[in-house]
Amino acid sequence: MDKYKGAQHTPAPVPASDIEAAVAKALGLQQSPPLSGVASSSSSLASTREAGWDQRVWSSEECVGEMALGALELWGTPDRSRGIGTYSFDKDDKVSMRFVVAAANLRASVFSIERLSYHSAKGVAGNIIPAIATTNAIVAGNQVCELLKVL
């Protein structure tokens, strides 16, 4: 694949074999499983994290594993799976945030961009809504100023 638009590096996708191995490792299995019947173990794996897991940048393998665990936590739990398609993003929802951080870091690694820790990404996500509100207020103020010139 050639360089993407103005990118400095050629994108390098994560090999499918690496994805399969990372999913199997995250779920504690010998090989990649079908999605049914694994959810009960995923919640216990997610709760047995080492101290400081949210302060360090995850490897590509860990990102794939986090995405797999997040998907299993959503699809494998009857309470959560009923709401699929109706969720809105909330930076305080750990499953959503872990999934977004993992997906963003995988995308960043494909394009050779610096990845962020969970904690750093949560801070970025927390600043997006206030930034949008501020931008909207500035644009609305400029529109009123332009309207006053016309009148």
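The structure is a predicted model. Over the chain, the mean pLDDT is 79, and 83% of the residues reach 70 or more.

The second largest pocket holds about 170 Å³ of space. Its lining comprises 13 residues, of which Val100, Ala104, Leu116, Ala121 and Val124 are the closest to the pocket centre. Two elements, α5 (94-110) and α6 (118-150), each give two or more residues to this lining. The largest share comes from α5, with 6 residues. By class, 11 of the lining residues are nonpolar, 1 is polar and 1 is charged.

Helix α5 consists of 17 residues. The distance from its first C-alpha to its last is 24 Å, close to the 24 Å expected at 1.5 Å a residue. Within α5, the buried residues are Val95, Ser96, Met97, Arg98, Val101, Ala102, Asn105, Leu106, Ala108 and Val110. This set includes the charged side chain of Arg98, as well as the polar residues Ser96 and Asn105. In an α-helix there are 3.6 residues a turn, so residues three or four places apart point the same way. After α5 comes serine 112, which has a positive phi, near 55°.

Terms used. Residues numbered from 1 in each chain as written. Predicted model: local features only at pLDDT ≥ 70, side-chain atom pairs only at ≥ 80, totals over all residues. Heavy atoms only, no water. pLDDT = per-residue confidence, 0-100. 1 Å grid on protein atoms, 1.4 Å probe; cavity = no way out; pocket = protein on both sides within 12 Å on 5 of 7 lines; lining within 4 Å. Points joined across faces, edges and corners; volume = space filled by probe spheres on them. Helix = DSSP H or I, 4+ residues; strand = E, 2+ residues; numbered from the N terminus. Expected span 1.5 Å × (residues − 1). Buried < 20%, exposed > 50% of the residue type's maximum accessible area, 1.4 Å probe, protein only.
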